[in-house]
Amino acid sequence: MPSSEPQKSKPAAYVEVVLPVPLRRAFTYRVPQAMQGAIKTGARLTLPFGRRNLTGYAVELHEELPAAIEIDESKLKDVIEVLDEEPLITPEILKLTQWTADYYASFWGEMLKASLPAGLNNDKVKPKRRKAVRLVDRGAEALDSSDQKTQPLTRDHQKIVDLLKANKGEMLFTDVLEQADVGASPLNTLAKRGIVEIFVDDVMRDPLAKATLPDKDDFELTAEQQTALDAITTAVADSDQFKAFLLHGVTGSGKTEVYIRAMRFALDQGRSAMMLVPEIALTPVFSRRLRAVFGSEVAILHSNLSAGERFDEWRRIRRGDARIAIGTRSAVFAPLENIGLLIVDEEHDPSYRQHESPFYNARDVAVMRASLAGAIVVLGSATPAMESFYNAQSGKYTYLTLPDRIGGRGLATAELIDMREVFKLAGKDVAIAPQLIAAIRETHSRGEQTIILLNRRGFSQFVLCRTCGETIKCKNCDITLTFHRGNNQLVCHYCNYREPSPKVCPKCESEFLYFVGEGTENIADQLTKKFPDLRIARVDRDTMAHKGELDKILLEFAAGKLDMLVGTQMISKGHDFPNVTLVGVLGIDIGLGLPDMRSAERTFQLLTQVAGRSGRGKKAGKVLIQTYYPEHYALRHAKEQDYDAFYREEIRFRERMAYPPFYVLASVMIKHRDHTEAFKNANILRRSLDAANPLKHARILGPAPASIARLKNEFRVQIILKATTRRGLRETLAIAISEAEENGCDMRAVFVEIDPVNLM
Ligand code: ADP
Ligand code: ZN
Ligand code: ZN
């Protein structure tokens, strides 16, 4: 455990560090005489490692080499450089990352690296420094000072002094030149005479510097909101007592308002607060609303910021200038001190899961952080994850509910369009059903807006040869290529491999190529042709390649400058557009067909979320869902918007299949460019797992090819573990991994994931 502050008489001569590499152990380095006393735990250090230099993190300091460390003193290497005088990492974050790394059978150093703003380790981001001018105390009296008589101030000098006085005595150098309309020389003269001081200052890059902020809402909470808020604030006031809430409220029921007031309460109690949101839900509208409420006390961390802006927002938290942090996944590690409240909005959202090493789920880390810090955590959702609702039922979480939409507005009515009937009537495949076309027309005639959701970008999902039956696949992956008409290319959505779209089948040279499965590009195209007078924008990763583009379109849509958005799940959540009264959902069957244990849950969640986009204003909303499987329980319950009924059916499935929340899962993925090597390593691991599991506490499945058997030129072989306890699972894994390593398994090829999502 890291000691907090090394306030010892004798300076530390040795430091224990962890490195951002897939190694579980810490390393000991010698602290050269000149650096002794300058290193604190949590500081970043430059260290020699093998033949390279790496940035590592000081986690413990020693005056003398601890007896437990069996190392030959002469083999120890020296720290090269201390990167932070004041440690970037707080003791709380050191502990949290250590805990998280352990929980996810991951690596502490990698977890620490993930907890810091991107770019810090390679010095890509630096504080932005600008020249500034400050009025020296004496400057205020400069007018009647003695040297005024011998050396009178010129008009320019006077203008500068007056301007600085009007600006609290401090301004950016360039601002002074501009606003006083003077050159640099009078400023330099004043500096020489000691009336002003010219210095270099940190400037904070503010992502919302130029934004217009909305008015603050000031309404009375509904009785349900008040009950929920009271429960949360009572718990926050009951300091240092961990407690978890599940706030289950339909979309538009006023959850956000409860979050905002609860955070305000935590601040008033002298605590800090954080709110996590899914990757794509931190909309420009929402950021502005938060800034309007909390001013500079809120720091906003999300992936659309430039590295510099992100770093500055993070530093405002670290310095204690911002006591509220709002952000996506990695914001859960924000260095807030004295945290009292953590909120996870849309807690079921898969984007909380980091999909590369170090794997973690920010929702679960938030719960851990709250429990380590004695804080309150609130998980909010209209469609809680099965695991969370189960925890609420078992009493582990306290259940709070907001069953109604604000203002007595009903939920949007949802209808399923049976595409089998549509096909029969039309005698051919139809991408957009006539019912939906009619509804779009009606909606537009009332001056209202439409959202069309299709979770597939590109023009056609894949290309099929009608002569030989070949589908065109990625050369690096076991995946069909998607046709993008905009640049006439076939694109792999997994590795981004591209090739020109072929005119003939690459295998048999037949000209009869068949483009199957419409994507957003195609649907937006068809709709633009059908409705030439509608202003339609497409929102997907292809159109949103530029920073700021999404913000721009969403703001335009909110302002009524667009009539329709066609897009992927990017537009499915979080947004509040009161004039949207129709949501059309295409291609929902794609998600249902995925070989994923959560496909039904995800489909239900997605439909509930999009339904929540419709009818948020005073007008009633409508949702039309096209499907070939109207009987599927996820669709039936989504249509009725009946979460409880869905939960009851899904939880039985989970129990029958030995899935979470009844079992804890781990996925061990072995990746290798060579197929035989992949299986060889996997087989060693399997044998070690069996040896580590003599009492069969864990069920072990595999090795078997993963559902995407080849990705980015690597073969993927998977072993799945199911266990009844987390501890049992971790212990089995830990023993098996060290044993497999001894037996020649190449651990660089092995990726362990606890609580994997998208498990296939
Ligand atoms: P949710 O987060 O549950 O989807 P929001 O908090 O965004 O819901 O609230 C939905 C809408 O209702 C927002 O426009 C919000 O400003 C408004 N609202 C929330 N609470 C109240 C209230 N007590 N009285 C009036 N309007 C409210
Ligand atoms: Zn062919
Ligand atoms: Zn590929």
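The model is predicted. The sheet has 6 strands with parallel pairing, and the shell around ligand 1 holds 17 residues. The protein buries 80% of the area that ligand 1 exposes when taken alone.

**The open sheet**

- The strand order is β16-β26-β25-β17-β24-β23.
- Strands β16 (413–418) and β23 (536–539) form the edges, each pairing on one side only.
- From one strand to the next, the twist averages 15 degrees.
- Strands β25 (residues 580–586) and β26 (residues 622–627) run parallel and are joined by 4 bridges.
- Val-585 has Ile-625 in β26 as its bridge partner.

**The shell around ligand 1**

- Among the 17 residues of the shell, those that come nearest are Glu-220, Gln-225, Gly-252, Lys-255 and Thr-256.
- Helix α9 (residues 255–268) supplies the largest share of the shell, 3 residues.
- Sorted by class, the shell contains 7 polar, 6 charged and 4 nonpolar residues.

- A polar backbone atom of Gly-252, one of the residues that come nearest, is 2.8 Å from an oxygen atom of ligand 1.
- For Ser-253, the distance from a polar backbone atom to an oxygen atom of the ligand is 3.2 Å.
- Glu-257 places a backbone N or O atom 3.3 Å from an oxygen atom of ligand 1.
- Ligand 1 taken alone exposes 560 Å², of which the protein buries 80%.

Methods
Residues numbered from 1 in each chain as written. Chains lettered and ligands numbered in written order. Predicted model: local features only at pLDDT ≥ 70, side-chain atom pairs only at ≥ 80, totals over all residues. Heavy atoms only, no water. Pairing = 2+ DSSP bridges. Helix = DSSP H or I, 4+ residues; strand = E, 2+ residues; numbered from the N terminus. Axes fitted to C-alpha atoms, helices over the stretch in contact; angles between N-to-C directions. Near = heavy atom within 4 Å. Polar contact = N/O pair within 3.5 Å; in protein donor to acceptor, adjacent residues only side chain to side chain. Areas by Shrake-Rupley, 256 points an atom, 1.4 Å probe, with all protein chains shown as cover. Nonpolar A, V, L, I, M, F, W, Y, C, P; charged D, E, K, R; others polar.
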